[in-house]
Amino acid sequence: MRILVVEDEKKVASFIKKGLEEESYAVDVSYEGEEGCYLAETNPYDLIILDLMLPKKNGLSILKELRDKGINTPILLLTAKGSVEDRVAGLNAGADDYLAKPFVFAELLARVRSLLRRGGEKSPVLKFADLTMDPVTRRVTRGVVDIELTSKEYALLEYFMRRPNQVLTRTMISEHVWESDFDTFTNVIDVYVNYLRNKIDKGNEKKLIHTIRGVGYILKEQND
């Protein structure tokens, strides 16, 4: 899952980016409003963490502009302005949640997970066939076997499991699992899909990760 953080305090932005990356999210960061708004408009983010007090363009203006353009990406406002009036203004402008500084990262992470589940299953546990992923504990199992994954392998598998039976192109995968500076002309995606296959499908009669030649990949149950 790919997240945009628009935060002008570099220490705060770095803290959030590091923490989210440790949870296997791909994270882009902008330190000012105009660039942040441009990134939000031109990239398919799964979530935006947006500060209100930003140089060049404030967060409330960005929020209103994105909603006016029909961009419905979940937005979490993160700011030092924590009065009731500020919260109401942000939520009325289209924000999905609000967290005041200073904050505990565990609460931020819980709110991020909650927003990413919006419109999906209420249960945080993802299941497909005999494959199970718990985003809270980060435990992945195939049947009764625990599967150890690297951060990027985990992020890739989560993207597959949130879109089962859907053909995912390499462009779609790069946009949601890798950061904005990812080189789409490399074979890194194919390499990581093979890593996943070796851990998910190797030794199992029914394969779950399939190649759609010339297009991309799909997570589906193998036909008998």
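Let's start with contacts, meaning heavy atoms within 4.5 Å. Of the contacts in the chain with a separation of 6 or more, 57% join residues 24 or more positions apart.

A word on what we are looking at. This is a predicted model, where local features need pLDDT of at least 70, side-chain atom pairs count only at pLDDT 80 or more, and totals for chains, interfaces and linings use all residues. Residues are numbered from 1 along each chain as its sequence is written, and side-chain values use heavy atoms, with hydrogens and water left out.

Now the overall picture. The chain has eight helices and twelve strands. Those are DSSP runs, numbered from the N terminus: helices are H or I with at least four residues, strands are E with at least two. Along the principal axes, the C-alpha atoms fill a box of roughly 60 × 35 × 30 Å. The radius of gyration, taken over C-alpha atoms, has a globule rule: 2.2 Å times the number of residues to the power 0.38. For 224 residues a compact globule would come out near 17 Å, and the chain's 19 Å agrees with that.

How much of the chain is buried? Buried residues make up 47% of the 224. Buried means under 20% relative accessible area, exposed means over 50%, and partly exposed is in between, with a 1.4 Å probe and protein chains only.

Next, a helix pair. Helix 6 (residues 151-161) packs against helix 8 (residues 188-200) at about 85 degrees, with axes 10 Å apart. Axes are lines fitted to C-alpha atoms, for helices over the stretch in contact, and angles run from 0 to 180 degrees between N-to-C directions. The two helices are therefore roughly perpendicular, a label for angles of 65 to 115 degrees. Helix 6 brings Lys152, Glu153, Leu156, Leu157 and Phe160; helix 8 brings Tyr192, Val193, Tyr195, Leu196, Lys199 and Ile200. Eight of these contact residues are nonpolar, none polar, and three charged. Here Ala, Val, Leu, Ile, Met, Phe, Trp, Tyr, Cys and Pro count as nonpolar, Asp, Glu, Lys and Arg as charged, and the others, Gly among them, as polar.

Last, some backbone details. Most residues other than glycine have a negative phi, and most peptide bonds are trans. Serine 24 has phi near 80 degrees. It sits in the loop between helix 1 (10-22) and strand 2 (26-30). At 4% relative accessibility, serine 24 is buried. Asparagine 165 has phi of about 60 degrees. Its loop runs between helix 6 and strand 10 (168-169). At 53%, asparagine 165 is exposed. Finally, the bond from lysine 101 to proline 102 is cis, with omega near -10 degrees.

Technical notes
Angles under 35 degrees count as roughly parallel, over 145 as roughly antiparallel, 65 to 115 as roughly perpendicular and the rest as oblique.
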